[in-house]
Amino acid sequence: MLDTTAFDLRRYIQGNNHSLGVWITLIALIVFGLLRYENFGGSYNISSFLNYNAMFIVIAVGMCFVIMTGGIDLSVGSVAAFTSVVAAYLSPYGIQVALPGAVAAGLAIGAINAFFVVVMRIPPFIATLATMLGAKGGALVISGAQTISIDWSSNFTKLGLEKAFGILPWTIVITALVVFGLWVLLEKTSLGRTVLAIGGGEDASIMMGLNVTRAKVLVYVLSGGCAGMAGLFLASGFGAGQPLEGIGWELSAIASVVVGGTLLTGGMGSITATVAGALLLGLVFNILNFENGRGVISLSAYWQMVIRGAFLFVVIVFQSRVASSAQKGAI
Amino acid sequence: MTMQNKPVTSASEPTAFKFEWSMISRHGGVVALIAILLFNILITPNFLHPQTLFVNISQVATIAIVAVGMTLVIATGGIDLSVGAIMALSGALAPLIFTSPFAEANPELGLALSIVVPILVALACGVFNGALVSLLNVQPIVATLIFFISGRGIALVLTNGNLQTFTNPAFSYLGTGKILGFPFQGYLVLIIAACVWWVMAFTVFGRQLLAVGGNERAAELSGVPVKRVKIGAYVICAGLSGLAGLIVVAINSASDAARIGNLMELDAIAAAVVGGTLLQGGRAPIFGAILGAVIIQLVKYTLLANGVADEVALIAKAGIIVLAVYVQQARKE
């Protein structure tokens, strides 16, 4: 499915008919929210919603790259926990040190994943499972199993609190830049095309002379870097490095990618639809909170897990219908 | 990958005794076990005390039971992430049932229901997983992700997130009972492993399961009911997870839905892989999975008994998984 080289909206939507559903659902939910709740469209809700979900969006986008090659990265949650601690330790030196530091830590763990998968040829599922445990252990070791408070006097706090150009928090601006950069990488560069080709057929890609090794290393390092960035957001959002956070994030990220219409078998995928998927999953909770706030129903936090699972189920069933009808034409 | 005609357990391959690298890699699990045992006998205080053995048996049982189920699922080329959540679900249900007024009025019936109903619920979860994988062609990771997320949620909703403590000697026998001095669940593991091994080695279902994992398309073309066999694997795995959940609750005489079976999917996958299960499917070394579970448990115990922090133990576990798969990979090439 390499036919989306040029950006033609009509072809783009047709070529990704898996992701059409996520856009429709997202818009429907937003309209529903706007009509039903008074403050839903207020700047406070939008800004805090995006601020909180920034880390999930960044992780999901990185995960999307890995999944497009047919791989998977289970380590992202632990990596984010690890780099949140790194960011907290570096926060006294200011954001100019903490940001590169946290991202570099993530990139390093991503490189370990790449080494396991590409050089040692360990299946991605197992390789990243191991780094998941390792990074979790590492986060607990360097933090002494404590949350590490950030330095409130440095400019690190600006990240989540201060608004860029007085409009949006920095977190959101950075997220938007990352997403845009990765969209360009996927859609406009040969490296991005190679990533998709690998998922479509790794052997065929090698025979075509594509640099498969380079692209595979890239996706794992990239995903690690994205998780590192998410860890930074985590530290700034909670005001502390959280070695125990990040449990289940990899699964939320996978869910976002899947909801966005990317098949886990690789070979196709969309950055924008993945962002929509992450927003959609976040929005479900946002709406649930508003619904709780109205006092008509009262659902405990535990219900969120149940609803998230049910939601994933609905999307998967919908997707498998689309996929089976699409595959009849393709194969 | 070739289709296996025989379920080959890593320990039962008849090979000439030549001490070389391939030998070590083929019997890597056994070598690792011996190394850990020797290390412990030399270093860990009181390792040869019977109490150590009992503690380890009672703790390894749940990993081993789930690992057996996981081995079957992996043998079909799938994976089951929902085992921990299903453990939480069954573990939350049991105390709810036997502490209900009805069960207190009819203790025997209540006890029976508190074991049967959670396992039936677990089996139903397995049917759900299997149906998604085989009927809707959803990838196993995604399909079992649904219960991974919502299963524990349901358990928490049912118990309202409360810790349920209880005194019910009859139920606790599952986790604390002893026969001839050895923990009851140790026997349970052996019986389950023997039954599943027999099924895999001598029944049509077992052969079909390996055929599906070996080459699904070929199996389908030769008339194997692929969908039914796959559902079967997920159902067995879920049922065993349900049982493991009951044992955890029985050991603790308490049920905390947030904690039962937490990260169990990782332990079970690790045990299966260390035991020689190929992630691509086609092999189901049942006793290998038990061996893997024992190794994982012993590594945990070794580190704990020697005062190494829990978090470092995590890193060690990660190392073991990578090493086991790497050795497996090297053998294939």
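Visitor: Which residues does A:Ser154 touch, not counting residues up to four places away in sequence?
Guide: This is a predicted model. In it, A:Ser154 touches A:Ser91, A:Pro92 and A:Gly94, once residues up to four places away in sequence are left out.

Visitor: How far apart are A:Ser154 and A:Pro92 in sequence and in space?
Guide: They are separated by 62 residues along the sequence, and their C-alpha atoms are 5.6 Å apart.

Visitor: Where is A:Ser154 placed?
Guide: A:Ser154 sits in the loop between strand E1 (148-149) and helix H7 (158-161) of chain A.

Visitor: Why does A:Ser154 count as partly exposed?
Guide: A:Ser154 has 17 C-beta neighbours inside 10 Å. A buried residue needs 20 or more, and an exposed one has 12 or fewer, so A:Ser154 falls in between.

Visitor: Let us turn to A:Ala111. Which helix holds A:Ala111?
Guide: A:Ala111 belongs to helix H5 of chain A, residues 95-119. With 15 C-beta neighbours inside 10 Å, A:Ala111 counts as partly exposed.

Visitor: And what does A:Ala111 touch, not counting residues up to four places away in sequence?
Guide: A:Ala111 touches A:Val221 and A:Gly224. As for A:Pro169, that residue is 58 residues from A:Ala111 along the chain, and the two C-alpha atoms are separated by 30 Å.

Visitor: How many helices and strands are there in chain A?
Guide: Chain A has 14 helices and four strands. Of its 331 residues, 51% are buried. Among contacts in chain A between residues at least 6 apart in sequence, 77% join residues at least 24 apart.

Visitor: Which residues are buried in helix H9 of chain A?
Guide: In helix H9, residues 190-200, the buried residues are A:Gly192, A:Thr194, A:Val195, A:Leu196, A:Ala197, A:Ile198 and A:Gly199. They pack against helix H3 (43-68), helix H8 (170-188), helix H10 (202-207) and helix H11 (212-238) of chain A.

Visitor: Where does UniProt place the "transmembrane region" feature in chain A?
Guide: The unreviewed UniProt entry gives that feature at several spans of chain A, including residues 217-240 and 271-289. In the model, residues 217-240 are 92% helix and 4% strand, with end C-alpha atoms 31 Å apart. Residues 271-289 are 100% helix and 0% strand, and their end C-alpha atoms lie 27 Å apart.

Visitor: Now chain B, please. At roughly what angle do the axes of helix H6 and helix H7 of chain B cross?
Guide: The axes of helix H6 (residues 107-134) and helix H7 (residues 140-159) of chain B cross at roughly 150 degrees and come within 8 Å. H6(B) and H7(B) are therefore roughly antiparallel to each other. Their crossing is right-handed.

Visitor: Which residues meet there?
Guide: From H6(B), B:Cys125, B:Asn129, B:Leu132 and B:Val133 take part. From H7(B), they meet B:Pro140, B:Ala143, B:Thr144, B:Phe147 and B:Gly151. The contact of H6(B) with H7(B) has six nonpolar, three polar and no charged residues.

Note on methods: Residues are numbered from 1 along each chain as its sequence is written. Chains are lettered from A and ligands numbered from 1 in the order in which they are written. This is a predicted model: local features need pLDDT of at least 70, side-chain atom pairs count only at pLDDT 80 or more; totals for chains, interfaces and linings use all residues. UniProt positions are given in the numbering used here, feature names are shortened, and annotations may be inferred rather than shown by experiment. Helices (H or I, at least four residues) and strands (E, at least two) are DSSP runs, numbered from the N terminus. Axes are lines fitted to C-alpha atoms, for helices over the stretch in contact, and angles run from 0 to 180 degrees between N-to-C directions. Angles under 35 degrees count as roughly parallel, over 145 as roughly antiparallel, 65 to 115 as roughly perpendicular and the rest as oblique. A crossing is left-handed if the near helix is turned anticlockwise from the far one by less than a right angle, and right-handed if clockwise. Two residues are in contact if their C-beta atoms, placed from the backbone, lie within 7 Å. Ala, Val, Leu, Ile, Met, Phe, Trp, Tyr, Cys and Pro count as nonpolar, Asp, Glu, Lys and Arg as charged, and the others, Gly among them, as polar.
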